[in-house]
Amino acid sequence: MAPTSVLSAERLHVLLDIEADDPPGYRELADLIRLLVLDGRIPAGTRLPSERELTAALPLSRTTVTRAYAVLRDAELLVSRRGSGSVVTLPRGARPPYTPPSGSSMVGWTIAAGQAAPGVGLAYSRALEQLPAYLAQTGYETVGVPVLRELVAQRYADRGLPTDPDQILVTSGAQSALNLVSRTLAARGDRVVVESPTYPNAIDSLRRTGLRVLGVPHDGHRLDLDALAAAVRAAPVAWAYLIPDFQNPTGALMDDIMRHEVASILRRSTTVPIVDETMLDLALDVEERAMPVPLAAHHPGAITLGSASKSFWGGLRIGWIRAPHAVVPRLVAARETFDIGTPVLEQLAVAELLRVREEVLDERRDTLRARRSALRTAVTDRLPDWSLNSPAGGLSLWVRLPRRASSRLVVAAEAQDLLLTAGPRFYADGGGESALRLPYDRSTGAIDDAVDRLALAWETVLAGRPTSGPSRRGPALTA
């Protein structure tokens, strides 16, 4: 297998985040590298540093590194050939962990989402009644069904950001929207700043577009404005990807003053904000009328991404872009070679949901409040040394562990048939070993079961017991 990229020993050291006073054994080192591969932080086809190079960079012996590489080769995660080095691969038949077989005891806890909100089925029924009016047309709605664009535009206007439907482009989810924006408007090699931590799929998407992703510290409550200003002064930064509303993963809400200050910093540097509002509707402790105005109200050049996935149901796969008038034609032209359009039926269903959004969301929010409380109680009871935040909205708790062991915990949790996302997955520049995201959009019984497994895994980490070795599960999905 020919390598498609090369990972330096220094970069692997950053990704592994190993402490000199707590070095792993060879099996644990193999598990940590495996986790990087299955999380997508080391893509298949990457050539790892040689055993000699990695030994020089890490506080480990050559024997430890050599034996760890051997374990990875036995697990079909590494192919070593003379002249090509050791290249990452994925084992044949690896199954995605987010779709466990029927009857499996496996619990997936990597996705901050859940079942459909009440009313989704009814919305589809009403959408089907409207569908015949569209069947005489081609169905290629490149910009989106007019009724949905009008409702989305009105929602922005109601929030204090005047918007007309011509500024709205409907997409196949917010991730598709981000891909379209970055591939159309950004140039390869552009710098983009992101909050650190932030949404992992956004980091991956921006990097795959060829952008240079730079993390700006976010302490779980607010973005470091001094660090943001320094980052955009140090070198030209074209873009800033931000989640101001119930940030994923921390749940933090950026207030109006902070939004104004962030926008001012970005305007002075000609940096364009890409604002992700996918969590906007999940305000649990804030009245909707008290929500800050959209960040785009402070920055006329901002591009905003929205979605129905977190609010109503991920299976809808409906998102949208709100952009300045001058930018929309470029996005539409690119859309024609990207995915042409978004299914009409789902657009009509989302339009129906937006018409009754308060009724639907009130019930969904009540459910989320109860589950957030259940998760906080369960973690506090079983893991009293852990520090939990109190997000005012969103879908997850952001946990601070009493030691830097997030990746080790994820590996240990697999032995309990519990799939987690390691804290470092949310960081663009390394770090996060003291953090963990725990979604709470699941039933109370499922939460208790997951926390029981989590506590057993943590006991394994504290005891320093070895894991059973690399599994054959496929790449993890984090959402």
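Let me start with R155, which counts as buried because its relative accessibility is 18%, under the 20% cut-off. Bear in mind that this is a predicted model.

The partner of R155 is D281: their side chains form a salt bridge, 3.3 Å from N to O. R155 is in helix α6 and D281 in the loop between β10 and β11, 126 residues apart. D281 has 10% relative accessibility, so it counts as buried too. The pair also belongs to a network of salt bridges that links R155, D281, E288, R357, E358, D362 and R365.

A second bridge joins E277 and R159, with the closest N and O atoms 3.0 Å apart. E277 is in the loop between β10 and β11 and R159 in the loop between α6 and β6, so this bridge ties together parts 118 residues apart in sequence. E277 is buried at 5% relative accessible area, and R159 is buried at 13%. For the overall count, the structure holds 26 salt bridges.

Next, the sheet. It is open, with seven strands in the order β6-β12-β11-β10-β9-β7-β8 and mixed pairing. β6 and β8 are the edge strands, each pairing on one side only. From one strand to the next, the twist averages 20°. β11 and β12 pair in the antiparallel sense over four bridges, and T304 has R322 in β12 as its bridge partner. Helix α6 lies across β6, β11 and β12, at about 120° to β6. Helix α8 also packs on the sheet, where it touches β7, β8 and β9.

Now the nonpolar part. Which residues of the largest nonpolar core touch the most other members? They are L148, L228, V262, F312, L316 and L348, out of 50 residues in that core. Helix α12 gives the largest share, seven residues. A second, separate core has 43 residues, including F246, A378, L438 and V451. L148 touches V170, I318, Q347, V350, A351 and L354, leaving aside residues up to four places away in sequence.

Last, helix α13. Its 26 residues should span 38 Å at 1.5 Å a residue, and the end C-alpha atoms are 37 Å apart, which agrees. Its buried residues include R357, R364, R365, R371 and R372. Among the elements covering the buried residues of α13 are α6, α12 and α15. R364 forms a salt bridge with D441, at 3.3 Å between the closest N and O atoms, and both residues are buried. D441 is in the loop between β16 and α15, 77 residues from R364.

Key
Residues numbered from 1 in each chain as written. Predicted model: local features only at pLDDT ≥ 70, side-chain atom pairs only at ≥ 80, totals over all residues. Heavy atoms only, no water. Helix = DSSP H or I, 4+ residues; strand = E, 2+ residues; numbered from the N terminus. Expected span 1.5 Å × (residues − 1). Buried < 20%, exposed > 50% of the residue type's maximum accessible area, 1.4 Å probe, protein only. Contact = heavy atoms within 4.5 Å. Core = buried A, V, L, I, M, F, W, Y, C linked by side-chain atoms within 4.5 Å. Pairing = 2+ DSSP bridges. Axes fitted to C-alpha atoms, helices over the stretch in contact; angles between N-to-C directions. Salt bridge = Lys/Arg side-chain N within 4 Å of Asp/Glu carboxyl O.
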